[in-house]
Amino acid sequence: MTKKQRAELVQTELEKLYPEVPIPLDHTDPYTLMVAVALSAQTTDKKVNQVTPNLFKVAGTPEKMAKLEVSEIKELIKEIGLANTKAKNLKRMAELLLERHHGVVPQTYEELEALPGVGHKTASVMMSQGFGFPAFPVDTHIHRLMTQWKLTSGKNVVETEKDAKSIWKEEVWNKLHLQIIFYGREYSPARGKGEKDFITKMMFKEKEK
């Protein structure tokens, strides 16, 4: 198969599997989505969704979050990895949103990435899932699968993101990145042996014969 054929196979099969793709992190507005995404670093979405309801009851707005002490935020998110650092980031993030943006989540990469705890991937998620702009956030699932599918030779998620954007049309980016994430979790987990990963098998079946 050519690279183009492999890319088309991925898009076709994922559309069959996941015609609808919900945003995996529970939220009610752009601010709660950004908090949830920031918390999800090195933590499962499932764990974040278990923790955020209580957090958002107490601090579901930048105003409320900024009023909390770091120790109070940490207590609310203590089940999440890197809780101490994330608690500090959430407080400062809320303060800067109030100072710079009147408490409203900005809609540019530059402004988003200037906030504590918001790297390029989180900013991309916000642009895509929070505001509907074409973006292709690349996490470890996407980086691993695109490498496996020989659709990128990128050594990191930034290079893989560039490759993904060059391979697929802009209008499918927002949906496709989620479809790949869902596929990775269900069919090709990082710690699994890939027995269920039928897309990879379809691509390289000639080599198995």
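Which residue just after helix 8 takes a positive phi? Some notes on that helix and the pocket beside it follow.

1. That residue is Gly132, with a phi of about 80°. Helices here are DSSP runs of H or I, at least four residues, numbered from the N terminus.

2. A word on the model: it is predicted, with local features needing pLDDT of at least 70, side-chain atom pairs counting only at pLDDT 80 or more, and totals for chains, interfaces and linings using all residues. Residues are numbered from 1 along each chain as its sequence is written, and side-chain values use heavy atoms, leaving out hydrogens and water.

3. Helix 8 spans residues 120–130, and eight of its eleven residues are buried, so the rest of the structure largely encloses it. Buried means under 20% relative accessible area (1.4 Å probe, protein chains only). Among the buried ones are Thr122, Val125 and Met126. Their cover includes helix 2 (30–39), helix 7 (109–113), helix 10 (157–167) and helix 11 (173–187).

4. Now look at the largest pocket, about 800 Å³ in volume. A pocket is an open set of points on a 1 Å grid over the protein atoms alone, where a 1.4 Å probe fits, with protein on both sides within 12 Å along at least five of seven lines; lining residues have an atom within 4 Å of a point. The volume is the space filled by probe spheres set on the points, which are joined across faces, edges and corners.

5. The lining has 33 residues, with Ser40, Ala41, Gln42, Thr43 and Lys121 nearest the centre. Helix 8 gives the largest share, five residues.

6. Domain 1 (3–21 + 136–205) and domain 2 (30–131) both contribute to this lining, so the pocket lies between them. Those bounds come from an automatic or database domain assignment.

Terms used:
Buried means under 20% relative accessible area, exposed over 50%, partly exposed in between (1.4 Å probe, protein chains only). Helices (H or I, at least four residues) and strands (E, at least two) are DSSP runs, numbered from the N terminus. Contact means heavy atoms within 4.5 Å.
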